[in-house]
Amino acid sequence: AAINAGTHQGDVTIAVTGNTTEPTTSVPLLKSASPSSYTSILIIPSGGDWTINSGASPTASRGVLEFFGADNVTIDGDPASTGTRHLSIVVATTSNAGTAAIRLASTSTTGADGADNCIIKNCNITGGRNSATSTTTSYGVVMSTSTSISSGAYNSLNTRIENNLITRCYHGVYAPGASGYPNTGTKILNNTIGSATSALNIGSRGILITYSSTTAGANSALISGNDIRVGTYETTGYGATIAGIEIGTVNAGCTVTRNNIHDINQPSSSGYGAHGIYITGSASNASIDINNNFIRDCKM
């Protein structure tokens with residue numbers, strides 16, 4: 001069944017005990033407020049390997065699981081902490097734009113209600129991209145506002161995305177913030193993003209980050225230990241510049257380290273780029289540290 005605010009109280013564990021199909025239009029989990037008043041929510045599989053599926057025709061610009069201003073939510077596909085993944089979140093293939101497996105959204109444009117302290121780890125995350133050359137926007141994990149999936153979140157703080165397998169999306173992890181309201185404390189760690197199979201690969205960005213910090217320090221973003229591939233292995237490409245990691249504007253002190261970025265393939269004859277690490281912003285990007293990454297086979 002859909003995960004929603006309901007009447008949760010205190011620290012709540014939601015066990016997924018079988019395969020589910022969510023409503024075509026999801027019911028978001030909202031922030032802690034009457035009648036819920038929860039402190040934290042943990043979503044884990046129990047008793048097997050389970051899949052949370054979208055409806056057969058996913059709604060455009062919506063996620064399968066959505067957290068609108070919900071704080072202290074953890075999705076952990078490995079409750080035994082063995083390094084394996086027992087929970088999958090899957091979007092059915094679709095031509096509808098803006099679908100996502102998981103959406104972390106702020107509900108305020110004043111920075112008062114981000115989705116704070118959320119963790120997504122040890123999951124198989126499969127987006128709805130419906131062909132190896134599609135340029136229709138789709139996401140594995142996206143940070144946004146609750147009113148627009150394409151608008152960056154306002155102060156969604158301390159997000160951690162770790163040890164997930166993310167495939168079949170246009171964007172794997174899409175983590176934009178908003179001007180004046182950075183998503184500080186973002187950590188994207190040890191994920192496998194993309195596939196050697198074209199139809200399951202990432203189309204545009206393995207990871208994109210913007211507006212994560214205005215000042216270098218302990219709350220600057222960390223992107224580390226990820227294995228990333230992007231693009232198509234078909235003989236023809238598509239109309240898009242592609243990148244393993246894009247660092248946009250306002251990411252002061254962001255550290256990008258120990259990532260394995262490879263097979264960034266864009267065979268289009270029209271001159272689109274294929275970048276390992278693509279820095280597209282200059283404002284408030286002081287003290288970025290890019291070190292010890294392995295980048296190979298970027299082809300265009």
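This is a predicted model: local features need pLDDT of at least 70, side-chain atom pairs count only at pLDDT 80 or more; totals for chains, interfaces and linings use all residues.
Me: With which residue does D76 form a salt bridge?

Reply: A salt bridge is a side-chain nitrogen of Lys or Arg within 4 Å of a carboxyl oxygen of Asp or Glu. The partner of D76 is K121, and their closest N and O atoms are 3.9 Å apart. This pair links distant parts of the chain, 45 residues apart: D76 lies in strand β7 (residues 73-76) and K121 in strand β10 (residues 119-121). Strands here are DSSP runs (E, at least two residues), numbered from the N terminus. K121 counts as partly exposed because its relative accessibility is 26%.

Me: How many salt bridges does a search of the whole structure find?

Reply: The search finds 8 salt bridges. One of the pairs is E246 with R205, whose closest N and O atoms are 2.5 Å apart. Here too, distant parts of the chain are linked: E246 belongs to strand β21 (residues 242-247) and R205 to strand β18 (residues 205-210), 41 residues apart. Both E246 and R205 are buried.

Me: Which residues are linked with R229 in a network of salt bridges?

Reply: The network links R229 with D263, R296 and D297. Within it, the side chains of D263 and R229 meet at 3.6 Å, N to O. D263 sits in strand β23 (residues 260-265) and R229 in strand β20 (residues 227-231), distant parts of the chain 34 residues apart. D263 and R229 are both buried.

Me: What is the order of the strands in the open sheet of 8 strands?

Reply: Strands of a sheet pair through backbone hydrogen bonds, either parallel or antiparallel. Two strands are taken to pair if DSSP finds at least two bridges between them. In this open sheet, the order is β3-β6-β9-β12-β15-β18-β21-β24, with parallel pairing. β3 (29-30) and β24 (274-279) stand at the edges with a single partner strand each, so one side of each has no neighbour in the sheet.

Me: How many bridges join strand β9 to strand β12?

Reply: Strand β9 (residues 99-106) and strand β12 (residues 138-145) run parallel and are joined by 7 bridges. T99 stands opposite S138 in β12.

Me: Which strands pair with β5?

Reply: Strand β2 (residues 20-21) pairs with strand β5 (residues 50-53) in the parallel sense over 2 bridges, and T20 stands opposite I52 in β5. Strand β8 (residues 87-90) also runs parallel to β5, with 4 bridges joining them. There, N53 stands opposite V90 in β8.

Me: Where is A199 found, and which residues does A199 touch?

Reply: A contact means heavy atoms within 4.5 Å. A199 is found in the loop between β17 (192-193) and β18. Leaving aside residues up to four places away in sequence, A199 touches A132 and R168. At 41% relative accessibility, A199 counts as partly exposed.

Terms used: Residues are numbered from 1 along each chain as its sequence is written. Side-chain values use heavy atoms; hydrogens and water are left out. Buried means under 20% relative accessible area, exposed over 50%, partly exposed in between (1.4 Å probe, protein chains only).
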